[in-house]
Amino acid sequence: MSTTTLRTQRELPRTRLHGRRRPGFWVEIAASALVILLPSFVASPYLMRLFQDVAIWSILALSLTLVLGFTGQISLGQAAFYAVGAYTSVILQTALGVPALLAWVVAIVLGMALAYLISVPLLRIHGHFLALGTLALGLIVETLLVQLAPITGGHDGIRIPGVEYLGEWMQLRFPYIVLGTLVAAYWLVRNLTQHSMGRAFFALRDDPAGAAALGIPVARYKTLVFMIGGGLAATAGVLYAHHTQVVTPDSFGFDTSIEVLLIVIIGGMSSRLGAVVGAVVIVFFPEWLVFLEKAENLVFGLVVLAILLFLPGGVVGGVRTFFSGLARRRETHHPEVAS
Amino acid sequence: MSLIVENVTKRFGGNTALADVSFEVEAGALTALIGPNGAGKTTMFNCIAGLHRPTEGKVSLDGRDITGLAPAKILDAGIARTFQLVRSFRELTVLETVMVAGHWRSGQSFWNSILASPGTRRSDERLEEEARGTLHALGLESLADKRVHELPYGQQRLIEIAKALMTGAKTLLLDEPAAGLHPEEALALRGLLAALRERGTTILLVEHNMPFVLSIADHVVVLEFGHKIADGSAAEIAKDQRVIDSYLGKEEDVA
Amino acid sequence: MSTFLQLAVSGVALGSIYGLIALGFLVIYHATGLVNFAQGQLLMVGAMATYLLLMQVGLGYPLTIAGVIVVALLLALLFRYGLHRPMVSRGAPTTNMVVATIAFGLVLTAAAELFIGNTKYGVDPVFPGAPLVVGSVSIQTQSLLIVVVAWALVGAIWFFFTKTLTGVSLRAVGLNRTAAAVSGVRVSRLITIAFVISVTVTVIGGMLVAPLIGAGPEMGLAIAVKGFAAAVIGGMSSVYRGMVAGVAIGLIEMLSSYYISSAYAPVIAYAILFLALVLMPARVRQSGAHA
Amino acid sequence: MNNTRMLRRTMAVGAVALMAGAAFAGCAPASSNTSPGAPADGGEGSSETIRIGYIGPLTGGSASLGVPAQHGFELAVEHINASGALDREIELISVDDEADPTKSAAAAQRMIDEENVIAVLGGPNSGPVLANNPVITGAGIVQLITIAQADGLIDPASPGYDLTFQVTENNTYNVGATIQFFLEADYSTICAVADTTEYGQSGLTAIQTVFAENGLEVSATASHEVNATDLTPQVLTLRDAGCDSIYLYSYGQDAAVFMKTVNQIGWDVDVIGGRALNQAAFLSIAGEAGDGLIFPSVIDLDKPEAQEFIEAYNAEYGEDDDPAHTFSALAYDSIFLLAAALDASGYEGGQALADALSETTLDNAVAGRSGSSLSFTEGDHRAPSDNFQTFWTIENGQFAMYRNDLPSKRP
């Protein structure tokens, strides 16, 4: 630290980390292909169903990862957008006879539109208060799903038998659609957060004033991210409706918003992969902990607390720290490597 | 071609924080804004940086009125600022932190990021190259992969300056860059500022540390209780009796 | 008129419970900047502990009250030393702290379900007997007790924060932690005191409400949301204003479900919370943003 | 159809009920039969275990219904296995869905795929049942809905209709029986209050339909959230509407708060409740405020099967969340219905089992009034026969049977 003159740009070292395609890219491509093709080599319908559950939860969790993990907007009302996606798609198809694909697009656009409209007043509040505001939003939507029974079917919900509305061909291939959408959602979030945009998100999350001074349009990015988050949640809702073939209010309540939040915490709040890892844990956890019987919920809650305390980066963060720790140890063992 | 502050008054409720202050920051020169605590330095700084809108008066850069522009727009006008309290972007390395400062002019937009247009990757390569260049120029390249909050305070300050440089702005507003630095670090900072000035960067420095300012500034503006009490070259200010009184009085209070 | 008065009486009693939640919420918020999402579950623990000690063990009210307060103390210490302090010392960001309080609430619910049961249980009132009748308005003695205890607690806490050295220091901690530490205030101990006060007040709320609506593991959320709303509408400032706002919400809830629609009354309550948050002054919002 | 084989089958089904009954009581007047036409290809002589799945809430807020149901199933399985009436052992596999539709649907797939169950029993909440039904019936497996009352669960338009059966009386049946009290008393202003859960809302719909059919008008209704903190506005709304009778269709805890408020304001009004008043929470919270309330039940204390069941149940599980035994009794009978049909189908699942169920009648069911039966027919997958409903009341804070002589009609 004794610079008294500025060095010229010509002396630049030419090593680069960013921008160049890292080997990770090809791993991601391969993993994506594997996920899409999963239905071809998983024979067990049960396992396939769980994988679809994981995929739908993952998409929902990716929406929260983007909103919470990358831009620091705590949403306890993500189930509201999930509900808008599911119900819009189902109502358009069953009551108005809109073709499936068009209904899906409209549902997703509506989810985004709602998120956009909500984000305008919500931009005024941050942190804890944002959590309370989105909590209120989620509760309002949950109540309306029951009270607007002539439209939503109330607690009886609306049935949407797959073969009838998707056709047999598409119904049979629905698992591919679900997993394909997960891959698409992953790449969307990845692309959005991979390069400068992702760093800008972290900047505005950790220091909004500092980010604004660096020319980052904080409010605009927050709104756009919230909107994309709403769209992703609505996408998950669309898939859920066809996966379950019925929509009822119990699937879109406060518990669902909390469940997504737990997925994101378990996997790792600012990790794209974390959303998927968290969803795997949430879906398969009851399987693994079946021996606990009724103590399962308690143990699960304690595990989440332990993660918050000891692995604030979630499972993915923990694994990364472990490996970078290993790498560091290796460096100290071979000092000649570290120049 | 310079940053001009004309008759700026700022009132908060009934309190007048700045009363009719005017001065000019000459292009390519290092101007310092000094004064004891509560003199209105920070308010003045915020009025220029867009955090406060002056109650009266005008701020202009190269003839363009920039009064009350939002912080993000001030940068468009060509002014970058640093913060006194460094708040780290926890997830980012030093290199990435500096790259963030180039985001606004990188051409990467929300929608073309989602579509992963090839330009995004190229633009990122450019950003990295420039950020490495900036770190290198400040002699900080060895810190590239560290996290800002892991660094000692002095280095964090330098990274604030690296960020400001990386924005590409020609005018820098520095908020007390020397506060809390060891003498050795302050010396390095002085060298850096001198080098920047030589490169033609316009600098407005808000500083509390009188000797530091006098050792480096081309031009000094002194505020007290919201009024400008002196304005001149470093040498003139050093001899100004009002400035000396004001400073000595204040130092006693603090001690 | 008699209908209105009857609704008003219920609204004040109900609102006093919301006010107690707001009170518990604000005490921790002021000391640490933490918004505790486990308020509802703490209230639930108060109700369930009352059920367990009073109805199952058969201790009678004096011993039950003592027992419930011991539970509150243990819970407060667990919350503070088992969760809050470790997280603060690890530099956990706001989002993680919020989630931690939610997870703490989930653990409390799961524990109550596992160790006590998952239905709702009746709890005897403190003073059994017929409701008091004044003119055309009747009120249960328990509701009256709620109002009296809630306002007494607000008074006591107001006194504590403004008239006692500890309370004044505690406020100082909330205003500026560094300055408080520099001036020799033992910050950590004071924050613990804030946790104890907050948890105790909330748990007492649960004990008071149990005879009216029973005790069950899932009773907390609806009450807590309105308590949060009370704190926000009260400007996140004084405990006294939070209490007044709580009563206002109780009244609005009662009157809107009678005069507007009982089906949409919950939506109205949540919409009020939403609007209160969005419209609250920037000063309040900022103070909570990075606390 | 081979007559001899058919006869043997009839006897076998009868024997299931008889021997099982004997195993825990010894004196059950058992007669059960299948009508002619039951498929008669069988796998007799095999000693394989028959696996039956139960998907219901064993934790969470609905567990107070889901767990008693599980107890009822377990007790029935124990009795049938001990009796040796079936050639095979029955095994019950319970999975907790926490009343969550997503978990419920996944559990259904697991039942089919991993547990190889021959039939699945559904829990008390219609949301999860609606979600798991397409999975179960889509795989060609029979579903027996034991406790969930919504009318819409048995829907001829639904793709899984052929394989779906509802053991409990549905809302319309339940309300149709209860309406007699309103008809008899000749009230001038009938009102209703319900919570916003599926129970309350579907009940409210049934009330409005059935009352209109009977020429009665529901003058005012009020609703509230479940686990409400104060029901004063609801009570006052109905009082000020001049109601002289109220149909109270809320879950136990809220119904209790409602009654306490009615008592508090000193309002003298006739209240008749929905089935949720059978819940322990109602008794526990309402205390004396519940005295005199009338509500429908499925337990007839004059019926020996019911007495024996209650005795056996209390001996096994003691005081649980089902002191009125409504929910556990329906669960218990569900297993017997299944066992009889399994015997008839020769332990064949799928459509064969559904066909057998469509012709199964359980005359000696625990649930239902003396003389009634649980029976499915080809066109009707809802079990309770006419005159199934009984009515209970609360005396001195305890459940007591009120009347078991009122007629009730299958809708």
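Tutor: The contact between chains A and B takes 46 residues from chain B and 37 residues from chain A. Two residues are in contact if their C-beta atoms, placed from the backbone, lie within 7 Å. The model is predicted, so local features need pLDDT of at least 70 and side-chain atom pairs count only at pLDDT 80 or more, while totals for chains, interfaces and linings use all residues. Residues are numbered from 1 along each chain as its sequence is written, and chains are lettered from A and ligands numbered from 1 in the order in which they are written.

Student: Which chains share the most contacts?
Tutor: Of the 4 pairs of chains in contact, chains A and B do. Chain B does not touch chain C, the nearest C-alpha atoms being 10 Å apart. Chain B does not touch chain D either, and there the nearest C-alpha atoms are 31 Å apart.

Student: How many residues do chain D and chain A put into their contact?
Tutor: Chain D gives 26 residues and chain A gives 22 residues. On the side of chain D, two or more residues come from each of α3 (101-113), α4 and α6. The largest share, 7 residues, comes from α3(D). By class, this side of chain D has 10 nonpolar, 11 polar and 5 charged residues.

Student: What is chain A itself built from?
Tutor: Its secondary structure comes to 15 helices and 2 strands. Of the 339 residues in chain A, 59% are buried. A residue is buried if 20 or more other C-beta atoms lie within 10 Å of its own, exposed if 12 or fewer, and partly exposed in between. Among contacts in chain A between residues at least 6 apart in sequence, 76% join residues at least 24 apart.

Student: Back to chain D: in what order do the strands of the open sheet run?
Tutor: The 5 strands are in the order β3-β2-β4-β5-β6, with parallel pairing. Two strands pair if DSSP finds at least two bridges between them. The edge strands, each pairing on one side only, are β3 (90-96) and β6 (164-166). Neighbouring strands are turned by 20 degrees against each other on average, direction ignored.

Student: How many bridges join β5(D) and β6(D)?
Tutor: Strand β5 (residues 142-145) of chain D pairs with β6(D) over 3 bridges. The bridge partner of Q143(D) in β6(D) is T164(D).

Student: Which helix lies across β5(D)?
Tutor: Helix α4 (residues 126-138) of chain D lies across β2 (50-56), β4 (119-122), β5 and β6, running at about 155 degrees to β5(D). Axes are lines fitted to C-alpha atoms, for helices over the stretch in contact, and angles run from 0 to 180 degrees between N-to-C directions.

Student: At what angle do α5(D) and α6(D) pack?
Tutor: Helices α5 (residues 171-185) and α6 (residues 198-213) of chain D pack at about 55 degrees, with their axes 9 Å apart. They are therefore oblique to each other; angles under 35 degrees count as roughly parallel, over 145 as roughly antiparallel, 65 to 115 as roughly perpendicular and the rest as oblique. The contact of α5(D) with α6(D) has 6 nonpolar, 5 polar and no charged residues.

Student: Last topic: where does D62(B) lie?
Tutor: D62(B) lies in the loop between β4 (56-61) and β5 (64-65) of chain B. This residue has a positive phi of about 50 degrees although it is not a glycine. D62(B) is partly exposed, with 14 other C-beta atoms within 10 Å.

Student: Is N227(D) buried or exposed?
Tutor: N227(D) counts as buried, with 22 C-beta neighbours inside 10 Å. Its phi is also positive, near 55 degrees.

Conventions. Helices (H or I, at least four residues) and strands (E, at least two) are DSSP runs, numbered from the N terminus. Ala, Val, Leu, Ile, Met, Phe, Trp, Tyr, Cys and Pro count as nonpolar, Asp, Glu, Lys and Arg as charged, and the others, Gly among them, as polar.
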